[in-house]
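Colleague: Let us go through this model piece by piece. Please put it on screen.

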Amino acid sequence: MSTTTTLPTDPTKMGLGRSIAVLTSGGDAQGMNAAVRATVRVGLYTGAKVFFVHEGYQGLVDGGDHIKQATWESVSMMLQLGGTVIGSARCKDFRSRDGRMTAACNLVKLGITNLCVIGGDGSLTGANQFRTEWSGLLKDLVNAGKITEAEAKRSSHLNIVGMVGSIDNDFCGTDMTIGTDSALHRIIEVVDAITTTAQSHQRTFILEVMGRHCGYLALVTALACGADWVFIPEMPPDEGWENHLCRRLADQRARGSRLNVIIVAEGAISRDGKPITSEQIKMLVTDRLGFDTRTTILGHVQRGGTPSAFDRILGSRMGVEAVMALLEATPDTPACVVSLSGNQAVRLPLMECVQVTKDVTAAMAEGRFDEAIKLRGKSFENNWNTYKLLAHINPPDVKSNINVAILNVGAPCAGMNAAVRAAVRMGIIQGHNMLAVHDGFDGLAHGQIEPICWTGVSGWTGKGGSMLGTKRTLPGKLFEEISLNIAKFNIHALVIIGGFEAYVGGLELVQAREQYEEMCIPMVVIPATVSNNVPGSDFSIGADTALNTITSTCDRIKQSAAGTKRRVFIVETMGGYCGYLATMAGLAAGADAAYIYEEKFTIKDLEMNVMHLIEKMKTTVKRGLILRNESCNSNYTTDFIFNLYSEEGKGTFDCRKNVLGHMQQGGTPTPFDRNFGTKMGAKSVLWLTEKLKDCYRHGRIFANTPDSACVLGMRKRALTFQPLAELKADTDFEHRIPKTQWWLKIRPIMKILAKYDIKLDTSEHADMEHVIKKRGQL
């Protein structure tokens with residue numbers, strides 16, 4: 001993200017005398033309510049007036065009661081609701097100039113000159129047209145006597161900011177649109193349910209998912225469930241695909257697989273542009289192979305349900321950025337969309353994004369399919385390449401004679417198995433022999449090592465915990481035994497998947513290279529822990545699943561207070577000394593406070609939080625939620641905070657406490673963790689393959705340079721390999737956390753949304769970027 005440092009302005013006065021309207025348009029998507037809530041609350045925080053526009057553009061045209069002033073309390077209890085509370089409608093009236101003129105008149109009368117639109121590309125294109133015509137519409141309204149010259153002068157310019165709300169993830173320029181992650185949650189729930197019944201009967205299941213002309217949902221679903229085949233509009237199958245598909249399904253059965261899964265995007269086409277339907281595929285499989293085949297068309301189930309933690313956080317962060325973009329806009333600023341790239345908020349010119357989105361459609365129509373994949377963006381391209389590598393290549397006949405060992409270290413977490421599966425299969429595709437090490441470094445020391453084959457990891461993506469078995473033991477006291485086994489099993493490279501212990505264990509192995517030549521092999525650490533505390537990566541496998549578990553539990557806890565009223569819940573989360581889970585769950589569940597180790601707090605802060613809740617109980621929102629990281633303070637324990645709140649809140653509210661415990665480490669992995677684990681596992685083995693070539697000297701492998709032992713992590717916008725030795729300087733070993741953590745910058749948002757009077761740092765804000773520049777590969 002290009003950032004500009006400006007002289008700080010007081011964010012609580014930025015919006016004084018300004019009015020902002022927020023509307024949702026087009027198809028609904030889970031997470032829209034989080035975006036509406038954040039836009040309203042941050043707008044009010046800046047001193048602006050904020051209005052709801054009910055029923056999308058139709059409400060803008062109809063005016064009257066459809067445009068209502070919003071209050072802080074009017075967006076309470078919205079976060080966990082799917083769909084859009086303020087309604088959405090397709091609007092023919094707005095497509096005509098007369099309709100837009102009526103809409104302009106309604107906005108001018110209310111003094112609204114800032115419009116925040118949450119919708120798909122059609123809705124955002126309509127908003128841009130409205131902005132372009134604005135001065136002409138005002139002129140016509142003055143001439144028609146509907147508004148005065150003074151009113152026209154007061155509203156001379158309309159600012160527009162868009163947020164993309166669409167389950168299809170079909171808008172170019174954004175990594176993820178609001179609603180996509182939740183739609184994947186719905187799809188994966190169905191896939192998991194279907195695989196159990198399909199295995200029982202040895203069936204083939206064909207699943208049709210939404211997405212219009214975009215194959216994102218289908219592609220990520222295929223990656224996340226290890227589907228046998230995926231049909232997407234961006235890359236139709238080659239001529240003769242029918243034979244290839246039947247051969248693949250028959251091969252899978254011959255290898256002992258009891259089920260086949262085929263994913264079809266609703267817009268799937270063949271090379272000559274004809275639709276490929278799930279019914280057509282069913283007939284092919286039944287007629288040619290005689291397999292018992294069933295089709296399931298998911299339909300609107302994908303749009304429904306509660307938003308995932310990711311979509312709530314995405315909506316909230318986008319809402320904040322949208323308000324800032326509106327209030328900082330000048331008449332010369334082009335209409336922009338706020339978006340997420342990696343984990344960073346970015347602003348992109350709206351029409352550039354729309355143009356690239358149209359370019360994709362044109363590329364598909366003209367048969368330029370490779371270009372269509374590239375235009376969809378880096379994330380889509382990476383997903384496609386990973387899928388192709390894992391699903392479309394048969395293991396080579398020539399073996400590399402390389403042995404790669406994989407182990408899990410530390411506490412188990414959801415998504416570890418997806419990483420192991422991808423690493424094993426990618427290794428086999430590269431011609432390596434893959435070895436499974438059971439029970440972490442203990443198993444490496446005691447020879448619990450065995451070959452693992454392609455079918456040995458079948459169905460692992462959707463399984464929680466660690467199938468290999470894992471222990472917290474560090475290698476420090478086991479060097480002698482480990483080096484003997486590395487030699488005995490002729491191990492040439494190591495993939496270590498785990499949390500902080502995996503990172504420290506990797507460092508210990510690197511330090512032992514001076515004494516033990518056997519340790520001079522390439523190794524890679526893949527961060528996998530619910531705590532998200534491994535240096536070198538913004539995200540760890542497993543953290544998203546834990547976050548969703550905490551968020552859905554907090555939803556239930558809050559709901560239980562809906563009847564009793566005046567109740568405050570204190571919830572303890574895991575994370576060791578890392579406050580990631582408490583902070584992000586606080587943002588996703590709408591907590592009033594989240595206590596963490598990284599942000600020191602005193603008895604005065606606790607007292608202030610109690611007073612804040614006492615004030616809150618005087619409003620219509622009579623419940624509170626407080627999150628506490630398990631190690632945030634050794635004296636201010638969960639019991640202490642519970643007792644303090646109970647005593648100080650006597651007569652105003654009563655308290656309950658919940659310690660969530662190990663449920664945060666369990667459960668089936670979320671789509672994000674399955675996809676992330678799969679990509680990390682595959683990338684790690686490809687990197688090791690290249691490293692092994694570099695380290696091959698005089699007929700053997702010898703790796704002792706710092707860059708031959710790395711952490712593979714997500715950094716801002718890319719997966720990068722960073723030498724373990726270089727990360728030492730950024731590590732607080734005593735508290736097992738990195739010294740710099742990106743998510744701490746998001747904490748003020750949580751406090752503002754909970755109505756705390758704090759200052760939001762506006763000195764560093766997202767500059768406008770350009771889509772074409774951002775997509776360096778075009």
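Colleague: In which helix is Cys225 found?

Modeller: This is a predicted model, where local features need pLDDT of at least 70, side-chain atom pairs count only at pLDDT 80 or more, and totals for chains, interfaces and linings use all residues. Residues are numbered from 1 along each chain as its sequence is written, and side-chain values use heavy atoms, with hydrogens and water left out. Helices (H or I, at least four residues) and strands (E, at least two) are DSSP runs, numbered from the N terminus. Cys225 sits in helix H7.

Colleague: Is Cys225 buried or exposed?

Modeller: Buried means under 20% relative accessible area, exposed over 50%, partly exposed in between (1.4 Å probe, protein chains only). Cys225 has a relative accessible area of 16%, so it counts as buried.

Colleague: Which residues does Cys225 touch, not counting those up to four places away in sequence?

Modeller: Contact means heavy atoms within 4.5 Å. Residues up to four places away in sequence are not counted. By that test, Cys225 touches Val191, Val261, Ile263 and Thr461.

Colleague: How many of the residues of H7 (216-225) are buried?

Modeller: Tyr216, Leu217 and Ala218 are among those buried. The cover includes H6, strands E7 (204-209), E8 (229-231) and E9 (260-265), and helices H13 (378-391) and H22 (671-694). H7 is largely enclosed by the rest of the structure, because the buried count is 10 of the 10 residues.

Colleague: Helix H3 runs over residues 97-110. How far apart are its end C-alpha atoms?

Modeller: The expected span of a helix is 1.5 Å times one less than its number of residues. For the 14 residues of H3, that gives 20 Å. The model agrees, with the end C-alpha atoms apart by 20 Å.

Colleague: Which elements do the buried residues of H3 pack against?

Modeller: The buried set of H3 includes Arg100, Met101, Leu107 and Val108. Gly99 and Asn106 are also among the buried residues. This set packs against helix H2 (56-62), strand E4 (67-69), helix H4 (121-143) and helix H5 (149-154).

Colleague: H8 (241-254) passes H9 (278-289). Which hand does the crossing have?

Modeller: Axes are lines fitted to C-alpha atoms, for helices over the stretch in contact, and angles run from 0 to 180 degrees between N-to-C directions. The H8 and H9 axes come within 11 Å and cross at roughly 60°. A crossing is left-handed if the near helix is turned anticlockwise from the far one by less than a right angle, and right-handed if clockwise. H8 passes H9 in a crossing that is right-handed.

Colleague: By class, what residues does the contact of H8 with H9 have?

Modeller: H8 contributes Trp241, Glu242, Asn243, Leu245, Cys246, Leu249 and Ala250, while H9 contributes Gln280, Ile281, Leu284, Val285, Arg288 and Leu289. Ala, Val, Leu, Ile, Met, Phe, Trp, Tyr, Cys and Pro count as nonpolar, Asp, Glu, Lys and Arg as charged, and the others, Gly among them, as polar. The tally is nine nonpolar, two polar and two charged.

Colleague: How are H20 and H21 placed relative to each other?

Modeller: Helix H20 (603-616) and helix H21 (638-648) pack at about 45°, with their axes 10 Å apart. Angles under 35 degrees count as roughly parallel, over 145 as roughly antiparallel, 65 to 115 as roughly perpendicular and the rest as oblique. The two helices are therefore oblique.

Colleague: What phi does Asp439 have?

Modeller: Most residues other than glycine have a negative phi. Asp439 lies in the loop between strand E14 (433-437) and helix H15 (440-446). It is partly exposed, at 22% relative accessible area. Although it is not a glycine, its phi is positive, at about 60°.

Colleague: Where does Asn169 lie?

Modeller: Asn169 is another residue other than glycine with a positive phi, near 50°. It is buried, at 7% relative accessible area. Asn169 lies in the loop between strand E6 (159-164) and helix H6 (180-201).

Colleague: Which strand holds Thr470?

Modeller: Thr470 counts as buried at 19% relative accessibility. Its contacts, leaving aside neighbours within four places in sequence, include Asn408, Pro412 and Asp439. Thr470 lies in strand E16.
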